[in-house]
Amino acid sequence: MTTTVEDQPEPKAGSHPSGDDRFGLVDKALKRTRYEQHALIEVLHVAQDVFGYLDADILMYVARALRLPPSKVYGVATFYSLFTFEAPGDHSCMVCTGTACFVKGADDVVRDIATEFDVPEGGTSSDGRLSLTTARCIGSCGLAPMVLLDDEVLGKLGSEEIRQRIRDLLATEEEVA
Amino acid sequence: MAAIIDLHEVAERELEARTRYPWRVKACASTACQSAGADAVVRSIEATVAAEHLELDVQVVPTGCMGLCSRGPLVRVLQRDVDTETMYADLTPEVGEQIVTSHIKAKKPIDTHVIDEKMPFFAGQEKVVLANGGVIDPNRIEGYVAHGGYLALQKALTSMRPEEVLDEVVASGIRGRGGAGYPTGSKWSLLAGAPGDVKYVVANGDEGDPGAYMDRTIMEDDPHRLLEGLALAAYATGATGAYIYVRAEYPRAIQRLDRAIRVARRSRLLGRRILDTDFDLNIELRIGAGAFVCGEETALISSIEGKRGQPNLRPPYPTEAGLWGQPTMVQNVETLANISSIINRGGEWFSSIGTPKSTGTKVFALAGDLTNTGLIEVPMGTTLRHIVEVMGGGVPDGHEFKAAQTGGPSGGCIPASHLDTPVDYESLRRLGSIMGSGGLVVMDDRTSMPELARYFMEFSMDESCGKCAPCRTGTVQLHGLLDRIATGTGSEGDVRELEHLCQVVRDTSLCGLGQAAPNPILSTLHFFRDEYTDAVSGKEPADA
Ligand SMILES: Cc1cc2nc3c(=O)[nH]c(=O)nc-3n(C[C@H](O)[C@H](O)[C@H](O)COP(=O)(O)O)c2cc1C
């Protein structure tokens, strides 16, 4: 298996110097998987669930705990597209781009949202309000084109209707704020 | 140690409990129906049942997929004394309320929402792996057991030697449902014959083909069927450990499998001394993280080991050196879901379904420009025309059928002139497509074939893992050429270049991803060449 990194200190549970409690949840996952190196992907999933994304600090923490070289942890994390390394926006919009959705115009939906809300595909708008991602078919092909706006499923809607829902969502927040 | 489950007693108790209710309302709670608002419909039905004080008469149960996803939310109402079942489609909370007040209380069905279960969409089906869909509550093992669940495992462990189980699978003629169609019995024989005391079986639940959700439905709606198939595979091949690899995009499948594994272990259907025999097996779940290539068996094995999910050159095949270097067999979820029926009813019975070389049934996810979309299970050898025109109800809105796409980014397009092709491994391959995992997307006359080819190439380009150059750079080049052609800036030279590069990428890529990535281009060039030539006609070479 992989070589261990000798000069790293032995990890202690909840030992992140910042005192951030959330590392405790990562520790729990580490313990449950008995610090096995092949559990790396599982631990990264937990870390991303807890923090919302994986930054260098979190990746280093996991590397030390599993006694893996940071390059290896980084290599694995960046290989898989579900791991993200930047904080997500306040709201997320995910457009399914599976074949059925493609046939029903998902490409236009993505382009229109990107243009209107000034958010790059796979990124977050500069004001941090909206993230736009695409998914490879989530198997709701009967609802094509399918969009997931935060947790709400929008099915069989046109591009304009979808953007109206996003406008509404962003507007309600502004009033509260 | 936990008590061993008494399968007959559990089944009897479960069936008896159902008869206490004169009415049974089965509500499809699968992902498609839920996204169409099934939760609100069920809440409305339950609230009305309570308001009308019918709790002792009406049993409301969530079930798995009923198939006709385009018409969800779907509900079936069973009236026990006359043994009739009524299926409802396109439900809203208001109609849900009427199901109780009008159908159940006044015996007046709401005709505007009733659909005939004898309609062609349902009539052409033969259900083996989806037999429990829309019938049982996926979260209760009792439902699975009441419909004969785990009897095959019990039969195998108590009255069959591993070789006899293997012989039935060989006799069934079943071939892998994950795409390539490798004979399952041969693969099991390889693992059984491999030397060593430690061997693994792995269920492949990565299902990356965009437009396909057969395996997700099996894992979500009938998780115990997969566990039973996997346990039988382990018993027959002498495997000592088992894994199920599920893509992370399927959280519900993960949650249900996790629960099913714990319940099975408590019932002594997994773990040590299964059903009080000498057979031990644990099944572990492993979750992907969004990489299509991880569906490829050697990449999947790397991913389970916690590494980058990159494929390795075969040979050695996993059955020689797989997970942690030990003999390993990777098998698709749908393939495994067939095994319990094969053991219960015999390999000969299974081989009587379908065609001589493609036995059994196949589940397809019908999507795209069709009147009826959803999940169907048909005998192998059913013609595409029957699936598209009769079961799918044809192309809606006055448009013409143009092509059916099977096999996703590794497959091809089948034009109207070949609609009479029977769906079997060889026939589809002869047309330049593949069976694939079961995505079947229909396109009408508005779809541009170069654009479709570009769509699939964008997919392959994004998902190429980067390990081998032909796939890493070839897919980028192919996508660039297709982009020029599709946007009307390409030349005739681009089409020639495209065709040539397809051969190179196909012949020199390391794994199936690159080898099959040119298929959507080659098949659309073959059947719809004029769309390419029209797009570039009279154009000068762009960079000449
Ligand atoms: C790029 C690529 C992706 C694949 N994805 C899947 C998949 O999602 N599910 C699957 O069962 N097989 C997939 N396969 C096929 C597997 O490598 C393997 O052949 C299959 O799981 C064996 O099971 P079977 O014999 O039951 O079909 C893929 C192959 C390639 C080359």
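Analyst: The second largest cavity is lined by A:His38, A:Ala39, A:Ile41 and A:Glu42 from chain A, and by B:Leu285, B:Arg286, B:Ile287, B:Ser303 and B:Ile304 from chain B. Two or more of these lining residues come from each of α2 (40–51) of chain A, β8 (283–287) of chain B and α13 (297–304) of chain B; here helices (H or I, at least four residues) and strands (E, at least two) are DSSP runs numbered from the N terminus. The largest contribution is that of β8(B), with three residues. A cavity is a set of points, on a 1 Å grid over the protein atoms alone, where a 1.4 Å probe fits but cannot get out, and its lining residues have an atom within 4 Å of a point. The volume of this second largest cavity is about 70 Å³, where a volume is the space filled by probe spheres set on the points, which are joined across faces, edges and corners. Its lining comprises five nonpolar, two polar and two charged residues. In this division, Ala, Val, Leu, Ile, Met, Phe, Trp, Tyr, Cys and Pro are nonpolar, Asp, Glu, Lys and Arg are charged, and the others, Gly among them, are polar.

The model is predicted: local features need pLDDT of at least 70 and side-chain atom pairs count only at pLDDT 80 or more, while totals for chains, interfaces and linings use all residues. Residues are numbered from 1 along each chain as its sequence is written, chains are lettered from A and ligands numbered from 1 in the order in which they are written, and side-chain values use heavy atoms, leaving out hydrogens and water.

The structure holds six cavities of 30 Å³ or more.

In total, 18 residues surround the ligand, and the closest are B:Gly178, B:Asn204, B:Gln331, B:Asn332 and B:Thr335; a residue belongs here if one of its heavy atoms lies within 4 Å. The shell contains three nonpolar, nine polar and six charged residues.

A polar backbone atom of B:Glu297 is 3.0 Å from an oxygen atom of the ligand, and a polar backbone atom of B:Arg177 is 3.4 Å from a ligand oxygen atom. A nitrogen atom of the ligand lies 3.2 Å from a backbone N or O atom of B:Gly295. The protein covers 88% of the 610 Å² of accessible area that the ligand has on its own, as computed by the Shrake-Rupley method with a 1.4 Å probe.

The ligand sits in the second largest pocket. A pocket is an open set of grid points with protein on both sides within 12 Å along at least five of seven lines, and a molecule sits in one if more than half of its atoms lie within 2 Å of its grid points.

Note on methods:
Polar contact = N/O pair within 3.5 Å; in protein donor to acceptor, adjacent residues only side chain to side chain.
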